[in-house]
Amino acid sequence: MEHTASNTRRIAIDPVSRVEGHGKITLLLDADNHVQEARLHIVEFRGFEKFIQGRPYTEVPYFVQRLCGICPVSHHLAAAKAVDQIVGVDELTPTATKLRRLIHFGQVLQSHALHFFHLSSPDFLFGFGSNLAHRNIVGVLEDYPDIGLKGVKLRKYGQQVIAAIAGKRIHGAAAIPGGMNKALSDDERKALLVDIADIIRWSQDAVTLNETIHLQHPENHAFATLSTNYLGMVGAQGELELYHGGLRARRADGSDIFDQFDYRDYGSAIREEVRNWSYMKFPYLTAIGKDNGWYRVGPLARVNLCDSIPTPLAEAARVRFRAFAGGAYVHDTLAFHWARMIEMLHCAEAIQELLNDPDITGTDLVVTGAKRAQGIGVIEAPRGTLFHHYQVNEQGLIEKANLIVSTTSNNQAMNESVRSVANQYLDGHEITEGLLNHLEVAVRAYDPCLSCATHALGKMPLQVEVVSATGEVLNRVSKNMDGVVECAL
Amino acid sequence: MSNTLFIDGQEIPFAPGQTIMDASLEAGIYIPHLCHKPGLTPHGSCKLCTVEVDGRSVSACTLPAAAGMKVDNNTPALQEVRKTLVQMLFVEGNHLCPTCSKTGDCTLQALGYHFGMLDGHFPPFYPRREVDASHPDLVLDRDRCVLCELCVRASREQDGKNVFAISGRGASAHIIVNTSSGKLGDSDLTLDDAAAHICPVGAILPKNHGCEVPFGRRTFDLHSVAESDVAHVGLQKTEHHDE
Ligand code: SF4
Ligand code: FES
Ligand code: NI
């Protein structure tokens, strides 16, 4: 059992269901039973940085794919960008760049589709408090076959794009030092074009669905909502950019912290704080400082931060999104879902554009350069900005690795959102099913990839404990796999 | 008496001095093997070529063929033994196929698939062995060495050098480099040596290369390990012989 300050009580929820990986929530109560602090415990695979030490740098892009069952391509590409720098390559051939963008859009599309349709849509279609046994993708397919099937097909399409480039749906190999290992054949290109019009249309439907849900549920607007700083990548014109660009950080009111920042200097802009109760670090913007420098990343951050989206349908959706907050930033935590679908639409449109680009089937795939001692690769992964940093010795072996994964960047924000929701729904020591459900919905909005190693799609057993300061269990509630709630005491 | 023997009942010829392995390879019959390569002195260490002759287990790569010999090769019991041997090789080293640029081109991995191996079965040893990256063009990753001595023999017999040796016994056996520093970078091994390319696993690999041969076009995507004389595509895209 964890030791806490003497006059606080502890509620533990373990694990959070339907979040990728495994997490646990502890609510620290003060004497008046107000939630003083919320701690989302996350099992993060930090062993990686140690493990990779002494290994040849060439292995890194393949190794990092094992970090996550959902976003292996994101890790692969971030590491590959770092390795490009190690081999002295600052710019790939146009074809290699476009293939990397294409596979990245495929990855983001499939990840976003998975998150909304499989993990989150049940909450919105059936209500946060509805029967758990039915509140899942199977229930969606039964009651809303149209929506459910589109979700399944969108995800499949994203995987198809990935497979065409990497040779496999997951854990393939596409990027090599300074480029890509395989050209896209014209047959493969044509095969991907067959369904693209549907994919774009269904993505549009998904945007409309999320927009409607958010607009028609004013009670959702303040739910878990936080006014925060945001961090994300933008293109040279300030447009939404997921693969390569400068970093932009802005305050909640939209004022600049930095813009077009070269991510190779990330070490001066972002620091990571270690807290004794968590394996996961707490990054903050150096310019703002440790206390208030935390920020949010991911779809909400990106759609807020960018000045435009370079594809027309997604841009129109972005304009509506921003109009919702009267042109200011949208801070609603549940609007993450809306922003996520806007990005999915952008990916679908961008995939179509790339497939019609003559460069995409080019065969000039690799460039070489002169070795350097380190590489820093950053991309916008589905869940937010992802940093991979490697230092190598003169023999090409990794000396030091540092990763900041998107979920880590959202760490503080998730804790704050949990605290806000817990204060709203916690009634004494009583752990109601309503509280459980609402905490889950709050965490899930961020689409955390908790272990970046496990991939748990189904329902997980959920346990909540109210523990007094002296360690006595005052109350314990378990939610088993079938959603049956039992009171254990 | 004619110079023939029987492999699983099939009569095949052999030349004087040939081993069971030599004869069967020539006849196009696959006897699993890892430490054997035609043209190099047989070594008989991996035991994957274990066959039964008159009920006795013998290594096909070292036992001379004899007239009228009756050899059991492709039996369920022997395949099970071989699968177990492959599993043991996997757990003795650190064989993380998905992170290894030899994946798809690795004989050990191909044997695993060939025997329907789904896991290591035994608890992994996770040995800590030294990576030697001192050579400008090659990396020696002892984590993956299966002690087949193919590199040792290729260096001596084909390259006319003496770059590698096995040192230690049993669990502490490991591949060493015959230089006073023990470093590959101080040896006279060059990228075009046979020893630089013969490793059946990813223990000796060219430096600065990722998975350059795309999935679907790697050696064992296109070929079965049971085909005789599979020409490995290596890591270089340009070396792909099927394109
Ligand atoms: S380095 Fe390769 S070829 Fe040499 S003994 Fe080890 S596994 Fe065999
Ligand atoms: S091939 Fe005969 S013992 Fe290895
Ligand atoms: Ni992940």
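This is a predicted model: local features need pLDDT of at least 70, side-chain atom pairs count only at pLDDT 80 or more; totals for chains, interfaces and linings use all residues.
1. Local features need pLDDT of at least 70 and side-chain atom pairs pLDDT 80 or more, while totals for chains, interfaces and linings use all residues. Residues are numbered from 1 along each chain as its sequence is written, chains are lettered from A and ligands numbered from 1 in the order written, and side-chain values use heavy atoms, without hydrogens and water.

2. Ligand 1 is surrounded by residues of chain B, including B:C145, B:C148, B:E149, B:C151 and B:C199 (a heavy atom within 4 Å). Its shell has eleven nonpolar residues, no polar ones and one charged (nonpolar: Ala, Val, Leu, Ile, Met, Phe, Trp, Tyr, Cys and Pro; charged: Asp, Glu, Lys and Arg; polar: the others, Gly among them).

3. Chain A gives 23 residues to the contact and chain B gives 21 (heavy atoms within 4.5 Å). Together the chains bury about 1,800 Å², with 59% on carbon and sulfur atoms (accessible area, 1.4 Å probe, lost on being put together and summed over both). On the chain B side, B:T99, B:N208 and B:F215 lose the most area, together 33% of what that side buries.

4. Three salt bridges are counted between the chains (a side-chain nitrogen of Lys or Arg within 4 Å of a carboxyl oxygen of Asp or Glu). A salt bridge joins the side chains of B:D143 and A:R55, at 3.2 Å from N to O.

5. Chain A has an open, mixed sheet of four strands, ordered β8-β7-β6-β11 (strands are DSSP E runs of at least two residues, numbered from the N terminus; pairing needs at least two DSSP bridges). Strands β8 and β11 each have a single partner, so one side of each lacks a neighbour in the sheet.

Methods:
Buried area is the accessible area (1.4 Å probe) that two parts lose on being put together, summed over both.
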